[in-house]
Amino acid sequence: MLSGIQPTADSFHLGNYLGALKQWVALQDDHDAFYCVVDLHAITLEQPDPAVLRQRTLVSAAQLLALGVDPSRSALFVQSHVPEHAQLAWVLQCLTGFGEASRMTQFKDKSTREGTSGTSVGLFTYPVLQAADILLYQAQRVPVGEDQRQHLELTRDLATRFNSRYGDTFTLPEAYIPPGAAKVLDLQSPDKKMSKSLPPAGCVNLLDDPKVTAKKIRSAVTDTGREVVADPVGKPGVTNLLTIHAALSGQSVAQLEEHFAGRGYGDLKKELAEVVTDALAPVQARTAELLADTAELERVLAAGASRAREVAAPTLATVYDRVGFLPAA
Ligand code: ATP
Ligand code: MG
C-alpha cells in the first residue's frame, strides 16, 4: 500500500484526515505500508519560501506520526529522499499521451484557480509523478479521497500500457476510498471540497486553536429548514456536519439524526465543535512534542527512506532494463 500527502500548508485539514489519513492509520495493521510527504508534488505550484517548505515537510511528518502512523510497521519518508520517484516519472511521462494528461480535471481546476501565477509543466505532469509514486512500490491499495479517483485510473492505464509493451512489471493498484467521508465539504461553500486553497473560514485545520475551530464550526453555512437530517442535495451543509460528526464519533448518521431529533442546527454545531476539538487535542499535543526536538523525526524519516529505497530501487532497475537503457558500468 502507498499513499502521499503534500507539505503545502502549516497544517493538514479535516478533509485530508477523514478522506485519507484515517485510513492510513487503520490499514497499516494488515498492509505493508509506504507513506510519503510529497515535496516534489508541492513545487508544482509556486512555493515562495524554501525555508517554509522545509518546515512544512517536518510539520507534515510530525502530524502523521501524531495521528498514529507507526514507523515500526510503516515506512514514513520524504519523497525527495527517494530519487527513484522522479526517475520513474520520466519514463512514465514518455508513455503518457498529451491528450490523456490534458483530461485530468484536477489540472484544469488548479491551473485556472484564482491566484495561480502561471501554470507549470510540472503541474501538468503531476498525475504521472503520482503514478510513479504508486507503481514503484507495486502498491495494491492506495487510500485517498474521492478527488483522486481519476488519477488512480490514469495510474492503472499507465501500468497496463507498460506491462503490455515491456512485459509484466507493475501491479495494478486500486483506489481505497472510504465510504463515509470521501469528500469533506468546505464549511463556507458546501458545494466544494474542503481545501486549503479556499478562504480559511471554511477549512478546519488539525492544528487550529480549539477556539478557532469552534468558531469555524459555529459559522458554518447551513441550509434552510430546521431539522437536523442528512440530505446531500437539499441540505449539503448540514449533511456535511453530520458526516464529520459520524466519522469522528463512530456513530452512524442515522443514529445522529435520532440523537438530534427535535433539536436545531445550533445544537449540532455545539456538539460537533466538542467532538472535533476533543479528537484533535492529543494530535496537537503530540505534534508539538515531536517538533520541539526534531532528532527523532529525522531518524524516522531517514529509516523510512532507506526502507522505501529497498523496494523502489529494484523496481526502477527492472524498468530501466526493460526499456533498453544500457547498464552503467
Ligand atoms: P490541494 O488542494 O493542494 O491538492 P489537498 O488538501 O487536496 O491539497 P493533497 O496533499 O493533495 O491535499 O491530498 C491529500 C489527501 O487528502 C488526498 O488523498 C486527497 O484525496 C485527500 N483530500 C483532500 N481534500 C479532501 C476533502 N475535502 N475530502 C476528502 N479527502 C480529501
Ligand atoms: Mg489535492
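Student: How many bridges join strand β2 (residues 33-37) to β3?

Tutor: This is a predicted model, in which local features need pLDDT of at least 70, side-chain atom pairs count only at pLDDT 80 or more, and totals for chains, interfaces and linings use all residues. Residues are numbered from 1 along each chain as its sequence is written, chains are lettered from A and ligands numbered from 1 in the order in which they are written, and side-chain values use heavy atoms, with hydrogens and water left out. Strands (E, at least two residues) and helices (H or I, at least four) are DSSP runs numbered from the N terminus, and two strands pair if DSSP finds at least two bridges between them. Strands β2 and β3 run parallel, and the number of bridges joining them is five.

Student: Are the two faces of β3 covered or uncovered?

Tutor: In a regular strand the side chains alternate between the two faces of the sheet, so each face has to be examined separately. On one side of β3 are S74, L76 and V78, on the other A75 and F77, and all of these are buried, where buried means under 20% relative accessible area, exposed over 50%, and partly exposed in between (1.4 Å probe, protein chains only). Five of the five residues in β3 (residues 74-78) are thus counted as buried. Both faces are covered.

Student: Which residue's side chain is joined to that of Q6 by a polar contact?

Tutor: Q6 sits in the loop between β1 (2-5) and α1 (14-27), and it is classed as buried because its relative accessible area is 16%. Beyond four places in sequence, Q6 touches F12, V38, H41, A42, K110 and Y126, contact meaning heavy atoms within 4.5 Å. A polar contact is a pair of N or O atoms within 3.5 Å; within protein, one must be able to donate a hydrogen and the other to accept it, and residues adjacent in sequence count only if both atoms are side-chain atoms. At 3.3 Å, the side-chain partner of Q6 is Y126.

Student: Which element gives the most residues to the shell around ligand 1?

Tutor: Among the 21 residues around ligand 1, the nearest are K110, D147, V184, K193 and K196, a residue being near if one of its heavy atoms lies within 4 Å. The shell divides into seven nonpolar, nine polar and five charged residues. With four residues, the element that gives the most is α1.

Student: How far apart are the C-alpha atoms of V276 and I5?

Tutor: V276 belongs to helix α12 (residues 265-292) and counts as buried because its relative accessibility is 0%. Its contacts beyond four places in sequence include L14, V204 and T213. I5 is 271 residues away along the chain, and the C-alpha separation is 21 Å.

Student: Which residue does the side chain of D208 meet in a polar contact of 2.7 Å?

Tutor: D208 lies in the loop between β5 (174-176) and α9 (210-218), and it counts as buried because its relative accessibility is 12%. Its side chain reaches the backbone nitrogen of N205 at 3.0 Å. The side-chain partner at 2.7 Å is K216.

Student: Is Q138 buried or partly exposed?

Tutor: Q138 is found in the loop between α7 and β4 (141-143). Its phi is near 55 degrees, a positive value in a residue other than glycine. Because its relative accessible area is 27%, Q138 is partly exposed.

Terms used: Nonpolar A, V, L, I, M, F, W, Y, C, P; charged D, E, K, R; others polar.
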